[in-house]
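Me: I'd like to learn how to read a few features in a protein model. Could you walk me through them?

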Amino acid sequence: MALMVVKFDLKKRVKLAQTVWFMYWFAVMAGVLLFSMGLFFKIELRKRSELMDNNESHFLPNLLILMGLIACAINGVGGKICYDSLDPSKFAKWKPMLKTFLVFCVGFNALLLVTALLCFLMRIPLQFTLAEGLKNGMKYYKDTDTPGRCYMKRTLDLMQMEFRCCGNDNYRDWFEIQWVSNRYLDFTAKEVKDRIGSNVDGQYLMDGVPFSCCNPGSPRPCIQIQMTNNSAHYSYDHYTEELNIWRRGCRDALLSYYGGMMNTIGALVVLITMLEVAVTIGLQYIDSSLSTLVNPEDPESESEGWVLEKTVKETFTDIMAKMKSLTKGGKVEESSEAAVETVS
Amino acid sequence: MAVLRVKFTKTKRDKLAQVLWILNWISVVTGAILFSLGLFLKVEINKRVEVMAERDIQYMPNMLIAVGLIACAINFLGGKICYDCVDSTKFLRWKLIMLPYIICTFFFTFCVLVGALMCYSMRGELEESLNLGLTEAMKFYKDTDTPGRCFLKRTVDILQIEFKCCGNSGYRDWFQMQWISNRYLDMSQKEVVDRLRSNVEGKYLMDAAPFSCCNVNSPRPCIQKQITNNSAHFNYEHQTEELNLWMKGCRQALLEHYNYIMQSIGLAVLITWLFELSVLTGVRYLQTSLENVLRQGDPNSESDGWLLENSFIETARINLNIIKSLGKSNQIDEANNGDPNINVPSTSKAHYGPDNVPPKQMSESS
């Protein structure tokens with residue numbers, strides 16, 4: 001008993017071929033969309049690679065780009081097949097390779113689904129990469145004279161302003177590192193000597209943050225130095241002050257940005273997978289309906305179309321048997337060779 | 001002597017009509033592009049309307065939007081006319097409308113040219129508007145508790161960060177106004193009272209700028225307070241320090257931004273104008289050649305097409321005479337003593353059909 005049998009006459013077959021051809025053009029555009037999404041994601045990762053410790057894995061965007069290109073190619077070929085299926089002489093050209101093409105399509109669809117799953121799972125390694133990268137970035141904030149790191153200050157400042165965040169977990173991360181370069185510290189001043197002497201590493205620590213942490217929505221001019229000292233500023237209570245600087249941590253902000261992007265891409269890939277499955281089923285119907293013509297000479301005769309020739313269980317056992325015979329075929333040849341050798 | 005006379009065979013006429021049909025559709029697309037450019041400019045101006053004083057600068061995008069819509073409509077009609085012109089019977093439908101259509105489109109292309117020139121002339125008005133608007137916005141920077149002005153601080157900060165600028169003409173503009181609200185000044189401190197007393201208007205002035213003026217490219221943490229005091233900061237000389245704050249004024253930065261937009265729009269409008277003019281020339285040739293075909297009677301024959309039937313001077317003279325006679329038609333005709341009912345014998349020859357044979361005289365006898 002075949003799976004999902006549908007009867008076809010000539011008119012229905014023509015309509016099916018036209019619909020599936022139309023859908024294949026949409027699928028080609030979906031392939032282009034997939035390619036461009038992969039490209040966009042790659043560029044976004046590249047833009048902030050300094051903050052990711054140069055360690056970020058480009059596996060997912062590369063996979064998306066590859067899948068996009070393959071999708072375009074497959075759907076182009078599929079569309080051509082559909083277009084030719086209306087003409088029996090042209091279709092005869094495609095007939096022999098159609099079965100393998102369909103199997104390839106099914107494999108490609110499974111791969112697309114795996115890609116969609118990866119999009120949702122990639123968030124976790126990204127979290128670790130970001131945490132490490134931001135910590136190092138802040139450590140090198142002051143090294144504006146070290147070649148290779150001189151742009152870290154600029155990158156961090158621009159990022160904090162763009163994503164409206166401050167520090168790694170929150171603004172207090174800036175209190176634990178020295179972010180003022182030694183070139184701008186007057187070592188003869190008592191205050192500087194006191195601060196440097198006050199901790200083990202000899203770092204100039206202060207309860208201040210860079211200007212890029214400032215919130216433009218604050219009603220008062222930004223307070224970036226002596227932040228924990230309420231008496232240093234008039235009418236200021238740092239426990240209740242929420243609008244002065246950004247309260248969010250940059251790891252959180254970047255993670256939600258990239259997480260949102262990957263969720264959107266993952267959802268789109270799932271939709272594209274569904275479209276691909278639909279066109280594959282359509283092509284299978286075209287193939288089966290054109291190969292079961294009641295009267296092979298008469299193109300106007302009726303025919304049947306199906307998704308699977310036998311039931312799911314029977315098809316599965318058939319595939320298992322085929323794979324077993326492929327592996328056994330190798331073994332039989334070996335034993336016969338050994339027998340030949342022993343005989344001679 | 002006709003202006004730029006060209007001979008047209010039937011196939012040449014048909015081809016011209018088809019080409020013009022396609023070109024008219026392309027012109028519809030360019031009209032839509034003009035419309036969207038006008039919309040884009042309107043949105044860009046409205047985004048920063050808070051730092052612009054009341055000046056008449058909205059006319060520019062509104063005019064672009066109107067021109068874009070009219071161009072779409074005119075070229076849509078032109079496309080329909082050209083499509084019908086392939087068939088000479090359908091041309092009869094449009095025959096009377098074509099000449100007024102061509103004249104209207106000709107005047108419309110003048111409007112498009114004026115629009116293109118206005119793009120380049122808006123600069124002066126915009127500069128004036130930005131100058132006044134920015135000064136006002138900086139004056140109200142501190143009024144974050146006044147309803148209606150409470151967002152000006154945020155707007156100015158974001159503007160300075162985005163356009164990488166500081167103050168109106170430079171960062172020194174901030175030294176001349178009080179940008180800290182009185183709510184955050186400790187009036188009991190001697191230093192505050194001294195500063196307030198040091199100028200006529202009682203404003204708290206200092207040589208400091210808001211944090212949004214800080215340059216991200218600076219190798220050292222931003223110096224925003226005591227900018228002119230070299231001894232307040234280690235290894236600092238404010239006369240040579242260029243990377244600390246943004247050196248550009250916001251008026252200049254915004255002007256550059258808008259100039260770039262308007263130059264691009266002006267170029268697009270000029271190209272559209274040239275395109276429209278060429279389509280109009282084609283339609284004129286099509287109209288004159290089809291009218292001549294009708295005059296000759298044979299739809300498959302050759303005909304002439306021209307821009308103007310007579311030379312420029314003669315055409316101008318004829319049109320002036322027409323306008324004069326329009327004025328005269330209201331006056332009474334003096335020739336027949338003002339009586340319109342007297343039969344004046346016709347001086348032109350009667351036309352007796354295609355063979356021009358006068359009818360035989362009917363014999364009196366039955």
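This is a predicted model: local features need pLDDT of at least 70, side-chain atom pairs count only at pLDDT 80 or more; totals for chains, interfaces and linings use all residues.

Me: Which residue forms a salt bridge with Asp145(B)?

Reply: Residues are numbered from 1 along each chain as its sequence is written, chains are lettered from A and ligands numbered from 1 in the order in which they are written, and side-chain values use heavy atoms, with hydrogens and water left out. Now the general idea: side chains of opposite charge can pair when their charged atoms come close. The criterion for a salt bridge is a side-chain nitrogen of Lys or Arg within 4 Å of a carboxyl oxygen of Asp or Glu. Here the partner of Asp145(B) is Arg183(B), with the closest N and O atoms 3.3 Å apart. The pair links distant parts of the chain, 38 residues apart: Asp145(B) is in the loop between helix H4 (123–139) and helix H5 (152–163) of chain B, and Arg183(B) is in the loop between H5 and helix H6 (190–197) of chain B. Helices (H or I, at least four residues) and strands (E, at least two) are DSSP runs, numbered from the N terminus.

Me: How many salt bridges are found over all chains?

Reply: The search of the whole structure gives 29. One of chain A's joins Asp145(A) and Arg183(A) at 3.2 Å, N to O. In chain B, Lys248(B) meets Glu256(B) at 2.9 Å, N to O. Salt bridges can also form a network, as with Lys95(A), Lys99(A) and Asp287(A).

Me: Why does Asp145(B) count as partly exposed?

Reply: Buried means under 20% relative accessible area, exposed over 50%, and partly exposed in between (1.4 Å probe, protein chains only). Asp145(B) has 45% relative accessibility, so it counts as partly exposed. Arg183(B) is partly exposed because its relative accessible area is 35%.

Me: Which residues make the nonpolar surface patch of about 710 Å²?

Reply: Patches are made of residues with over 30% relative accessible area and no salt bridge; like charges are joined within 9 Å, nonpolar side chains (Val, Leu, Ile, Met, Phe, Trp, Tyr) within 5 Å. Areas come from the Shrake-Rupley method with a 1.4 Å probe, and for residues only the protein chains shown count as cover. Here the patch is made by Trp21(A), Phe22(A), Trp25(A), Phe26(A), Met29(A) and Tyr83(A). Its largest share, five residues, comes from helix H1 (residues 10–47) of chain A. Trp25(A) is found in that helix of chain A and is partly exposed at 47% relative accessible area.
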